[in-house]
Structures are given as C-alpha cells and as structure tokens.
Amino acid sequence: MTDAAPASRTLELCSTADVAPGDVIKVERQGLELAVFNVDGAFYVTDDHCTHGPGLLSEGYVDGDIVECNFHGGQYNIRTGAVVLPPCIDPVKTYPAVIRDGKVIIEI
C-alpha cells in the first residue's frame with residue numbers, strides 16, 4: 001500500500017485588473033493572508049507577513065521585483081521569496097501563480 005499525496009486545490013485570489021503594474025494588494029482566502037504582486041505584467045504571490053516581524057508585505061514599498069517590509073526595512077525578492085536585505089533571515093513563502101480568464105490563481 002502506498003501513501004497518496006494529498007490532492008492540491010486551486011484558489012482564486014483576484015482579478016488581474018485589481019493589481020496595477022508595480023503594485024501589491026492583500027488578499028485573504030481560506031485562512032491565508034497573501035500579498036499579490038504585479039511585476040511588469042507578471043503576477044507573484046507570497047505570504048503577506050514578514051518573516052522577521054509584524055510587518056505586512058502588502059503595505060511595503062515595491063521597487064521592481066523587490067519588496068521592502070514597512071516594519072524594519074528588510075527586503076525580499078518578490079519572484080523567489082529570497083531575503084535581499086537584513087534584518088530578515090528566513091525567506092518568505094511563495095505560491096506559483098497562474099492567470100486563467102483574467103484571474104490570479106494559486107495551487108495550495
């Protein structure tokens with residue numbers, strides 16, 4: 001007998017029109033607090049909470065594919081979640097996003 005991997009499910013977050021290029025919005029769905037970014041027409045999704053403190057990335061400063069946390073000024077790469085600038089140490093969780101019928105969708 002083999003253990004089957006749990007089935008993934010998709011989660012529709014917002015319309016692509018809701019997030020202007022260079023901007024970010026907060027989306028709350030099914031107990032998740034997420035930040036949805038539009039980087040030059042490509043959409044990226046991360047957890048909204050900074051891994052270092054109580055800051056929200058959806059309230060941070062976006063410069064290209066970098067978001068600066070509004071709390072301590074730590075920075076993350078929006079595309080990968082990697083830490084760019086301390087005091088953050090741990091990367092932020094990312095969710096691969098797809099666009100379907102003008103909607104931003106992730107798999108969880």
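**Close-up views of a predicted all-strand model**

Figure 1. Beyond its neighbours within four places in sequence, Leu57 is in contact with Val24, Ala35, Phe37, Thr46, Asp47, Asp48, Cys50, Val67, Cys69, Tyr76 and Val92. Leu57 belongs to the largest nonpolar core, which has 14 residues. Within this core, the residues that touch the most other members are Phe37, Cys50, Leu57, Val62, Val67, Tyr76 and Ile78. Strand β3 supplies 3 residues, the largest share of this core. Another core, of 12 residues, lies apart from it and includes Cys14, Val45, Tyr95 and Ile106. In soluble globular proteins, nonpolar side chains tend to be buried together.

**Figure 2. The chain as a whole, for orientation.** The protein has 11 strands and 0 helices. Its order along the sequence is β-β-β-β-β-β-β-β-β-β-β. The radius of gyration is 14 Å, close to the 13 Å that the globule rule gives for 108 residues, so the protein is as compact as a globular protein of that length. The C-alpha trace spans about 45 × 35 × 20 Å along its principal axes. Of the 108 residues, 38% are buried. Among contacts with a separation of 6 or more, 36% are between residues 24 or more positions apart.

**Figure 3. The open sheet that contains strand β3.** Four strands form an open sheet in the order β2-β3-β4-β9, with antiparallel pairing. Strands β2 and β9 (94-95) stand at the edges and have a single partner strand each, so one side of each is left without a neighbour in the sheet. Strand β3 (residues 32-39) is largely enclosed by the rest of the structure, because 6 of its 8 residues are buried. Strand β2 (residues 24-29) runs antiparallel to β3, and 6 bridges join the two. Strand β4 (residues 42-47) is also antiparallel to β3 and is joined to β3 by 6 bridges. Val36 of β3 stands opposite Ile25, and Val36 also stands opposite Val45 in β4. Strands of a sheet pair through backbone hydrogen bonds, either parallel or antiparallel.

**Figure 4. The turns on either side of strand β3.** Strands β2 and β3 form a hairpin with 2 residues between them. Gln30 lies in this turn and has a positive phi of about 45°. With 54% relative accessibility, Gln30 counts as exposed. Strands β3 and β4 form a hairpin as well, with 2 residues between them. In the β3-β4 turn, Asp40 has a positive phi of about 55°.

Figure 5. Asp48 lies in the loop between β4 and β5 (61-63). Is Asp48 buried or exposed? Its relative accessible area is 0%, so Asp48 is buried. The side chain of Asp48 reaches the backbone nitrogen of Ser58 at 2.7 Å. Setting aside neighbours within four places in sequence, Asp48 is in contact with Lys26, Glu33, Leu34, Ala35, Gly55, Leu56, Leu57 and Ser58. Leu57, the residue of Figure 1, likewise has Asp48 among its contacts.

Figure 6. Which cysteine sulfur is closest to that of Cys69? It is the sulfur of Cys50, and the 3.8 Å between them is too far for a bond, because a disulfide requires sulfur atoms within 2.5 Å. Cys69 counts as buried, at 3% relative accessibility. Cys14 is buried too, with a relative accessible area of 6%. Cys50 is a member of the largest nonpolar core, while Cys14 belongs to the core of 12 residues.

Figure 7. Most residues other than glycine have a negative phi, and most peptide bonds are trans. The bond that joins Pro86 and Pro87 is a cis peptide bond, with omega about 20°. Pro87 lies in the loop between β8 (83-85) and β9. Asp101 has a positive phi, near 55°. Asp101 is located in the loop between β10 (97-100) and β11 (103-107). The relative accessible area of Asp101 is 76%, so Asp101 is exposed.

Methods: Residues numbered from 1 in each chain as written. Predicted model: local features only at pLDDT ≥ 70, side-chain atom pairs only at ≥ 80, totals over all residues. Heavy atoms only, no water. Buried < 20%, exposed > 50% of the residue type's maximum accessible area, 1.4 Å probe, protein only. Pairing = 2+ DSSP bridges. Polar contact = N/O pair within 3.5 Å; in protein donor to acceptor, adjacent residues only side chain to side chain. Contact = heavy atoms within 4.5 Å. Core = buried A, V, L, I, M, F, W, Y, C linked by side-chain atoms within 4.5 Å. Rg over C-alpha atoms; globule rule 2.2 N^0.38 Å.
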